[in-house]
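Colleague: I'm new to this one and would like a close look at a single part of it. Could you walk me through it once it's on the screen?

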Amino acid sequence: MSYFRKNIDKMTPYVPGAQPLPGQKIIKLNTNENPYPPSPAAIEVLHAFDADCLRKYPDPMAREFCGVVADVLDVPAERVIPGNGSDDVLVMISRACLEPGKKITFVAPTFEFYEVQSNIENATCIPLDCEPSEAIEQLADQDADVTFVASPNSPTGVLTSCDALDELAGRLSGLLVIDEAYADFSRENALMLAASHDNVIVLRTLSKGYSLAGLRMGFAIAPPPVLQGLVKTKAIYNVDAVACAVGAAAMADQDHKNANARKVIASREALSDELAELGFTFPASQANFLLARPATGNASEIYEALKARGILVRYFQNQAILSDKLRITVGTDEENGLLIAALKEIMA
Ligand SMILES: Cc1ncc(COP(=O)(O)O)c(C=O)c1O
């Protein structure tokens with residue numbers, strides 16, 4: 001006997017990357033966090049936060065935060081919806097759009113949470129196995145109710161150009177969700193498509209570029225009719241008052257975010273060269289991680305050997321397509337140096 005719907009009993013849950021216990025000393029290169037601190041202006045807002053505000057409910061639409069997003073990204077504020085992380089907006093999209101008989105699609109491998117959400121709603125999930133060059137054609141052919149493209153994609157780091165996404169949006173009759181969690185590290189983004197197409201939702205997060213994964217703050221930009229549908233499925237006070245105030249200050253400090261992103265990009269290029277020298281191959285990444293395949297040795301054994309040396313990278317043990325690869329977050333140059341030294345030792 002079960003308390004749950006049949007599809008919930010049957011489904012495999014999302015498995016987040018391991019989080020060490022507080023105080024545990026580890027080099028953490030497994031969940032694509034930013035190695036640098038958040039904006040000093042955001043930290044100041046956190047320290048100065050008036051605890052009396054916590055007595056009252058926060059603004060359900062986080063208007064202060066969305067106003068800053070609108071200013072910074074030059075989009076109308078009525079097109080911005082706040083999320084408790086961008087995964088919260090993915091939940092809203094699934095609740096609003098999916099049910100048995102509805103179909104989602106994406107090119108695999110990608111962020112597993114899309115499939116998990118589809119399974120929760122008992123919708124049909126069609127993962128596509130194709131080369132990036134065929135992706136637009138194949139996604140357009142499916143014409144699913146909701147098409148997901150993470151750009152840059154996780155775990156591959158591969159960017160889909162704005163032109164390609166523009167073409168795809170024009171060919172789909174359903175929604176196109178462009179998940180730009182890693183856009184801050186990328187040479188281009190597709191934000192403008194949420195204004196030029198009535199079926200495009202662009203997702204952003206403060207977890208990566210803004211160094212605020214623990215705050216849980218994200219948002220989507222969408223055409224007003226789409227946004228109104230999502231608001232219906234949003235938890236009432238999904239974004240708390242602290243996250244709203246700190247997130248607004250972080251968004252306003254674009255210089256800080258951009259300076260950190262430049263450091264991460266420079267380290268990504270240096271780490272790519274060093275991994276290549278060790279025989280790893282990987283797709284060109286526009287994100288803050290590399291999906292690295294060792295020339296020799298077994299990825300799962302390398303993962304365990306790194307873990308034994310206090311270095312955590314991501315190994316996706318449930319996905320056959322990724323069984324020979326490791327996803328490595330770009331750390332500080334010092335962390336990357338320790339990673340390379342450990343890999344040299346392991347692979348010797
Ligand atoms: C592609 C992608 N989208 C969305 C998310 C969710 O980010 P958050 O909920 O922290 O905003 C992640 C997290 O790693 C991700 O990799």
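Colleague: At roughly what angle do the axes of helix 3 and helix 10 cross?

Modeller: Keep in mind that this is a predicted model. The axes of helix 3 (residues 63–73) and helix 10 (residues 241–252) cross at roughly 10° and come within 8 Å. An angle under 35 degrees counts as roughly parallel, so helix 3 is roughly parallel to helix 10. On the helix 3 side, the contact is made by Glu64, Phe65, Val68, Val69 and Val72. Helix 10 brings Cys244, Gly247, Ala248, Met251 and Ala252 to that contact. Sorted by class, the contact has eight nonpolar residues, one polar and one charged.

Ala62 has 28 C-beta neighbours inside 10 Å, so it counts as buried.

There's another residue of that kind elsewhere: Arg216 isn't a glycine either, yet has a positive phi of about 65°. Arg216 sits in the loop between strand 7 and strand 8, and with 20 other C-beta atoms within 10 Å it is buried.

Strand 7 pairs with strand 6 (residues 175–179) in the parallel sense, over four bridges. With strand 8 (residues 218–221) the pairing is antiparallel, also over four bridges. You can follow both pairings through Val202: it is the bridge partner of Ile178, and its partner in strand 8 is Ile221.

Thr205 also turns up at the ligand. Of the 13 residues around the ligand, Thr205 is among those that come nearest, along with Gly85, Ser86, Asp87 and Ser207. The shell as a whole divides into four nonpolar, seven polar and two charged residues.

While you're browsing, check two prolines. The peptide bond from Ala108 to Pro109 is cis, with omega near 0°, and Pro109 is in the loop between strand 3 (103–107) and helix 5 (113–120). The bond from Ser154 to Pro155 is cis too, with omega near 15°; Pro155 lies in the loop between strand 5 (146–150) and helix 7 (162–171).

Terms used. Residues numbered from 1 in each chain as written. Predicted model: local features only at pLDDT ≥ 70, side-chain atom pairs only at ≥ 80, totals over all residues. Near = placed C-beta within 6 Å. Nonpolar A, V, L, I, M, F, W, Y, C, P; charged D, E, K, R; others polar. Pairing = 2+ DSSP bridges. Helix = DSSP H or I, 4+ residues; strand = E, 2+ residues; numbered from the N terminus. Axes fitted to C-alpha atoms, helices over the stretch in contact; angles between N-to-C directions. Parallel < 35°, antiparallel > 145°, perpendicular 65-115°, else oblique. Contact = placed C-beta atoms within 7 Å. Buried ≥ 20, exposed ≤ 12 C-beta atoms within 10 Å, placed from the backbone.
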